[in-house]
Amino acid sequence: MAKSRVLVVGGTGYIGKKLVKASLAEGHRTYILRRPEIGLDMDKMQILLEFKEQGAVLVEGSFSDHGSLVEAVKQVDVVICAMSGVHFRSHNLLMQLKLVDAIKQAGNIKRFLPSEFGMDPAQMTDAIEPGRVTFEEKMMVRKAIEEANIPHTYVIANCFAGYFVGNLSQMETLLPPNHKVVIYGDGNVKAVFMDENDVATYAIKSIDDPRTLNKTLYLKPPENILTQTQLVEKWENLTGKTLEKMSISKQHFLALMKGGIPLNYIQLNHNSNFIM
């Protein structure tokens, strides 16, 4: 059976780049939506040109031009969206509603993977602001997809390793602590940590798998399920250095949030899982 043709929307972004690479590596004819909104962003243009050299096809389309989206969608079998839902970068999740309209009109898409890839929004009803907005908007997109009867797969990867492993899940930094580490709650609540390249590979493998049609795909390799304490212990074993532990309770954590939102709100919402 011929492999599906794949269109990646948001192919120059953090997870989008990995999805494009995974699609090409799996032998799919891979298209990337090239939006005029890219403007004079030389870094993104360079990424697109590099992908083109690797065999990707650049397709013009704009969210302000419905017809162009429809024409882009008609060229492929699968659409994967990786638009950002991160407030400290850009927040574009509801723009996917325009993509849903285009997919519905085109009528040829056999699978749509919307911009998910993190925590399951259906299970995050108690999330705190501003992350709560992200989960609510993802649910709005899901509702539109299902009402339009668009074949879909929701990929849930929980915690990206790039944001939560190297820094031992510390907020406002991506670097590991040198001397002290903050432990959330008792440090013994388990979480799933996924390498972003693995997330992309699993996502691409799901698009032609009938078992994932109209389902939520949870990525939970047993060896990737760790408590924060276990994560810190692994780092200490690797470095040969023991870190000073500072514990923060649920009540203290929530009280800190009232005084201002940390820069990395992704960690704010995910780290709350360690203390709930």
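This is a predicted model: local features need pLDDT of at least 70, side-chain atom pairs count only at pLDDT 80 or more; totals for chains, interfaces and linings use all residues.
## A loop residue to start from

Let's begin in the loop between H6 and E8, where Leu174 has its place. With a relative accessibility of 48%, Leu174 counts as partly exposed.

Leu168 is not a glycine, yet its phi is positive, at about 55 degrees.

## The chain as a whole

Stepping back, you will find 10 helices and 12 strands in the protein chain. The radius of gyration is 20 Å, close to the 19 Å that the globule rule gives for 276 residues, so the chain is as compact as a globular protein of that length. Along the principal axes, the C-alpha trace spans about 55 × 40 × 35 Å.

How much of the chain is buried? Buried residues make up 50% of the 276 residues. Contacts across the sequence are also worth a look: among those with a separation of 6 or more, 78% are between residues 24 or more positions apart.

## Aromatic pairs and a cluster

The structure holds 3 aromatic pairs. One of them joins Tyr14 and Phe160, with 6.1 Å from centre to centre and 45 degrees between the planes, which makes the pair tilted. This pair links distant parts of the chain: Tyr14 belongs to helix H1 (residues 14–25) and Phe160 to strand E7 (residues 159–160), 146 residues apart. Tyr14 is partly exposed, at a relative accessible area of 28%, whereas Phe160 is buried, at 13%.

Tyr163 and Phe164 make up another tilted pair, with ring centres 6.4 Å apart and planes at 55 degrees. Tyr163 is buried, with 6% relative accessibility, and Phe164 is buried too, with 1%. Which residues come together in one aromatic cluster? They are Tyr14, Phe160, Tyr163 and Phe164.

## Lysines over rings

In another part of the sequence, Lys220 has its charged end over the ring of Tyr218, at 5.7 Å from the centre.

## Nonpolar cores

How many residues does the largest nonpolar core have? There are 41, and Leu19, Ile80, Phe117 and Val199 are those with the most contacts inside it. Setting aside residues up to four places away in sequence, Phe117 touches Ile15, Leu19, Ile80, Cys81, Val155, Ala157, Asn158, Phe160, Val199 and Ala203. Another core, of 27 residues, lies apart from the largest one, and its members include Ala72, Val79, Ala102 and Phe112.

Asn158, one of the residues that Phe117 touches, deserves a visit of its own. Asn158 has its place in the loop between strand E6 (153–156) and E7. Its relative accessible area is 12%, so Asn158 is buried. The phi of Asn158 is near 65 degrees, a positive value in a residue other than glycine.

## Cysteines

If you are wondering about disulfides, the structure holds 0 of them. Are Cys81 and Cys159 buried or exposed? Cys81 counts as buried because its relative accessibility is 0%, and Cys159 counts as buried at 2%.

The last stop is Thr12, in the loop between strand E1 (6–9) and H1. Why does Thr12 count as buried? Its relative accessibility is 18%, and the buried class covers values under 20%. Leaving out its neighbours within four places in sequence, Thr12 has contacts with Lys17, Lys44, Ile47 and Leu48.

Terms used:
Residues are numbered from 1 along each chain as its sequence is written. Side-chain values use heavy atoms; hydrogens and water are left out. Rings of Phe, Tyr and Trp (its six-membered ring) pair if their centres lie within 6.5 Å; planes under 30 degrees apart count as stacked, over 60 as edge-to-face and the rest as tilted. Helices (H or I, at least four residues) and strands (E, at least two) are DSSP runs, numbered from the N terminus. Buried means under 20% relative accessible area, exposed over 50%, partly exposed in between (1.4 Å probe, protein chains only). A charge sits over a ring if NZ of Lys or CZ of Arg is within 6 Å of the ring centre and within 35 degrees of the ring normal. A disulfide is a pair of cysteine sulfur atoms within 2.5 Å. A nonpolar core is a set of buried Ala, Val, Leu, Ile, Met, Phe, Trp, Tyr and Cys residues joined through side-chain atoms within 4.5 Å. Contact means heavy atoms within 4.5 Å. The radius of gyration is taken over C-alpha atoms; the globule rule is 2.2 Å times the number of residues to the power 0.38.
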